[in-house]
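Reader: I have not seen this structure before. Please take me through the terms used for it, one at a time.

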Amino acid sequence: MHEQVDKLLINGTVVTMDAAATVYTQGAVAIRGRDIVAVGEVADLQARYSANQVIDCTDCAILPGLINGHAHVPMSLLRGMVSDYQQLDVWLFGYMFPVEGQFVTPAFSYIGARLSCAEMLRSGTTTFVDMYYYEEEVARAADESGMRAICGQTVLRMPSPDAPSYDVGIERARRFIEQWHTHDRIIPTIAPHAPYTCTDHIYHEAMELCAQFGVPLITHLSETSREVQESRAERDATPIGYANRVGAFDVPCIAAHCVHATEDDIVLLRQRGVGVVPCPSSNLKLASGVAPYDRLIKAGVHTGLGTDGPASNDDQDMFAEIHLAAMLPKGLGGDPMIMPARDALSLATSRGAQAIHLDHLIGSLVPGKRADVIVVELNHLHSAPRYTYSPDTIYSHLVYSVHSSDVRDVLVDGRMIVENRTLLTMDEREVMAQAQQIADQINVFLSSREENLLDKILAIGGVQQAEIFEIQVKARVTSADIERVEAMLRDPAIRVTKTSERMQYDTYFLFHKRERGRIRIREDRRIDPGARMDTKYTITLMAEADQGEYPYAMLLSRARYTARASQTLRFYREYFHPDHETEIEKHRRRWRILYKNKDFAINIDDLVGRQDNGPFLEIKGRTWGRRDADERATLIGELLERCGIRAEQLVKQEYVELEREG
Ligand SMILES: [Zn+2]
């Protein structure tokens, strides 16, 4: 008596990835509806079942669909956008956030997710875990593609493309979860981005939401060593310890990366049942490091594998990630047995399913689980010949020889999604054409930004846009001149409103094309007794100075933009990549004065470590209007005469130009 099933896959090497690591070299899988009904020897299953559709898998392996445990799938649209001479912060704050702020819309998330789903399905991935913006669009694309997904609506404390503030982000996540939580294949959730971009409150709210709907919490933890250092300094805990403290592990948690998990962290991750998902390619490409794969597995931590976003990988090929996860621990550990091929494969199948808290449904070919199955060809040059004397040889083939392009068929929930290398749920060419349209727009944006320093500064935020005229005159002075300046400042015609003494350390970024202007990063430290001691950091874009038609060798410059410099000098160097750099250190005494009801700054500067080190007198005035600039120029002339500065003492160049030209 034959039992009826929908599909019977026969004659393949069935790699079940079950607890006993069962392999059937002449195997078969029976599928009814969305479930696996039986797995075993071909002869046995053919004797028991008759199928509506029999799929011959001769010369193929039949495996559980691969699980991509961490991704940002819409970022496929940013693939290859940034060349790799930036560190993570420049990559993230200099490029990804500004471009995302400008371009990420619901359509962006949808089209990017479609491109990624197509790519993942064609390379054997049936389930992915995502975190991004407009996550309902990712969910829609995943659903239409036929994939299984856990979709996390990203929340961070700063404004994001889909939420001007984090509370709006949390509210978006709640609505998204409410709408999707009854879906059979798509699990909606919330993803607090990382400890360094979130707050205790965000993690707490996210945890409550996950608890309410019974969905896992997704976050990034301990990706870089700097993140761990800063976390210890600021929160007296590693990022993993912090996540535990703020409740992120009180619900099932999926923690991406954990590259720099400490021994204590690893114990904690195991005790709290946290799923850990390192992303080998991304961790290498961004030089974040290599996760302790073997130690995680040995400690019993539920460990998976992910691709991370395609902007830092740059593909979403889980076979490539498995390959790296097998190789890296061996090379670094000096032990070829440290990560057997079967363990590496488990990270994207059975262990990967545990890591994303779906092992009751997927991750192995076991009766009762969902029929997420892939068929991989083994009859290509790079897989020949084959040995079958031991069932274990198949793992070496799958991990070290097989390419993702060998994937022939893909089933999710028993439904054929890729058949004989053809994607049935999407038109691949249409998806690629839509992706290219968006890339073309970003291309125009970036190429004009690279030319325009102002756009580049504005892109990283916080700049006070202040188009002003600055009129300035500079003179080389003697100590006798300085005495005359000080005497002038005691004149009742002049009112001193503020005085200060400071050290200023300026780094100038200079460019071959001088019309682009130059960037000055200034560290400004008050040294006069009683002054507040906190150092100020500013970044200023200065346009090339015009030589005005004024007497006294006055310089007129316009269009200066200044902001507090919140990033490091290295960040700015990598972000702007100047053609030259010059440093100027000076001791400055400064007086702010009112003269004939207009305000001016008078500086006496000594440059440190320069041949032409001064001292110099500077008189400066700033204004919004051209006519006022003319009036101030006249008054500066009067001030110069009052302290007896002669024409031959005047210096036309700014400090940054003095040494280069002289
Ligand atoms: Zn990520």
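Reader: In E12, which residue is the bridge partner of Ala256?

Author: The partner is Val277. This is a predicted model, and the pairing is computed from its atoms.

Reader: What makes helix H4 largely enclosed by the rest of the structure?

Author: A residue is buried if 20 or more other C-beta atoms lie within 10 Å of its own. In H4 (residues 135-145), eight of the eleven residues are buried, so the helix is largely enclosed. The buried ones are Glu135, Glu136, Glu137, Val138, Ala139, Ala141, Ala142 and Ser145. Their cover includes H3, strand E7 (125-132), strand E8 (148-155), helix H5 (166-180) and strand E9 (186-192).

Reader: What follows H4?

Author: Gly146 does, and its phi is positive, near 95°.

Reader: Which residues touch the most other members of the largest nonpolar core?

Author: That core has 165 residues, and the ones with the most contacts to other members are Leu9, Val29, Ala30, Ile62, Ile322 and Ala325. Helix H3 (residues 106-122) gives the most to this core, with nine residues. Another core, of 24 residues, lies apart from it and includes Val473, Ile604, Leu640 and Ile645.

Reader: Which residues does Ala325 touch, not counting those up to four places away in sequence?

Author: With those left out, Ala325 touches Pro280, Tyr293, Leu305, Met339, Ala344 and Leu347. A touch here means C-beta atoms within 7 Å.

Reader: How is the protein chain divided into domains?

Author: Domain 1 takes 1-64 + 363-420, domain 2 takes 66-362 + 421-445, and domain 3 takes 452-661. Between the C-alpha centres of domain 2 and domain 3 there are 47 Å.

Reader: What are the figures for the protein chain as a whole?

Author: The chain has 21 helices and 27 strands. Its C-alpha trace spans about 115 × 50 × 50 Å along the principal axes. Of its 662 residues, 48% count as buried.

Notes:
Residues numbered from 1 in each chain as written. Predicted model: local features only at pLDDT ≥ 70, side-chain atom pairs only at ≥ 80, totals over all residues. Domains from an automatic or database assignment. Pairing = 2+ DSSP bridges. Helix = DSSP H or I, 4+ residues; strand = E, 2+ residues; numbered from the N terminus. Core = buried A, V, L, I, M, F, W, Y, C linked by C-beta atoms within 7 Å. Buried ≥ 20, exposed ≤ 12 C-beta atoms within 10 Å, placed from the backbone. Contact = placed C-beta atoms within 7 Å.
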